[in-house]
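This report covers ring contacts and open space in one protein model. Please look over the sequence and structure before reading on.

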Amino acid sequence: MTASQSILFSEIENCIKQLNLASISTERKKTLQPLIAFIQAKVTNKETIRLNLICTHNSRRSHLAQVWAQTAAAYYNLKNVFCYSGGTEATAMFPMVGKTLENQGFKIKMLSEGNNPVYAIKFSKNEPAIIAFSKTFEDDFNPESNFAAIMTCSQADEGCPFILGAEKRIPITYDDPKVFDNTPQQAEKYEERSVHTATEMMYVFSQINQ
């Protein structure tokens, strides 16, 4: 699939142009193929695409994957794609996730404070904001059926062999940037994880034929 005239903020557009999709290994492409096949089948059948990106705490990796998957769908002008995120337990979206995305061009507004803040994350002036906060994967905010469960961390993948309502369960795990919290490498490693996630989500949607 080729990108249409971009609707994204220019800073995000520039970030995407710097991604190296050719850097994805053959082995990793095999890991991503079930997600490509799921999306392609939905597109071919003219069905709504629902992706629920899941990790343990819904605090880091699942949010990055949700945001970049939704952004990639918009970049390639793929309609009826709705991306969600959840965890095996609810905590809070880690602030460095928002700061990293902001540095990459996303517009972020805090809608509510507290132990589990709610954020609006915009990738385009004219597209709906992604509402980001930590929740369990079966939260009422998420779909209860007709979705693919994308397991973005090995703990959630191993701990949840069955996701109620999911049409398909697809493990696409990422290393946790949490291990670099409160270290001099924190900002660099969160940026690295976001770029890695963005590269793979852009690759996935680039493979879809409309």
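## Aromatic pairs

Four aromatic pairs are present in the structure, which is a predicted model. One of them joins Tyr75 and Tyr76 in an edge-to-face arrangement, with 5.0 Å from centre to centre and 90° between the planes. Tyr75 counts as buried because its relative accessibility is 13%, under the cut-off of 20%. Tyr76 is buried as well, at 8% relative accessibility.

Phe94 and Tyr190 form a stacked pair, 5.8 Å centre to centre with 25° between the planes. Phe94 is in the loop between S2 and helix H4 (95-103), while Tyr190 belongs to helix H6 (residues 186-206), so their contact ties together parts 96 residues apart in sequence. Phe94 is partly exposed, with 23% relative accessibility, whereas Tyr190 is buried at 1%.

## Charges over rings

Phe94 also has a charged neighbour: the charged end of Arg60 sits over the Phe94 ring, 4.1 Å from its centre. A further contact involves Lys135, which lies over the face of Phe133 at 4.7 Å from the ring centre.

## The largest pocket

The largest pocket holds about 450 Å³ of space. Its lining is made up of 23 residues, and those nearest the pocket centre are Gln70, Val81, Phe82, Phe123 and Pro128. By type, the lining residues comprise 14 nonpolar, six polar and three charged.

Which element gives the most to this lining? Strand S2 does, with five residues. Helix H3 (61-75), strand S2 (81-87) and strand S5 (130-132) each contribute at least two residues.

Methods
Residues are numbered from 1 along each chain as its sequence is written. This is a predicted model: local features need pLDDT of at least 70, side-chain atom pairs count only at pLDDT 80 or more; totals for chains, interfaces and linings use all residues. Side-chain values use heavy atoms; hydrogens and water are left out. On a 1 Å grid over the protein atoms alone, a cavity is a set of points where a 1.4 Å probe fits but cannot get out, and a pocket is an open set with protein on both sides within 12 Å along at least five of seven lines; lining residues have an atom within 4 Å of a point. Grid points are joined across faces, edges and corners, and a volume is the space filled by probe spheres set on the points. Helices (H or I, at least four residues) and strands (E, at least two) are DSSP runs, numbered from the N terminus. Ala, Val, Leu, Ile, Met, Phe, Trp, Tyr, Cys and Pro count as nonpolar, Asp, Glu, Lys and Arg as charged, and the others, Gly among them, as polar. Rings of Phe, Tyr and Trp (its six-membered ring) pair if their centres lie within 6.5 Å; planes under 30 degrees apart count as stacked, over 60 as edge-to-face and the rest as tilted. Buried means under 20% relative accessible area, exposed over 50%, partly exposed in between (1.4 Å probe, protein chains only). A charge sits over a ring if NZ of Lys or CZ of Arg is within 6 Å of the ring centre and within 35 degrees of the ring normal.
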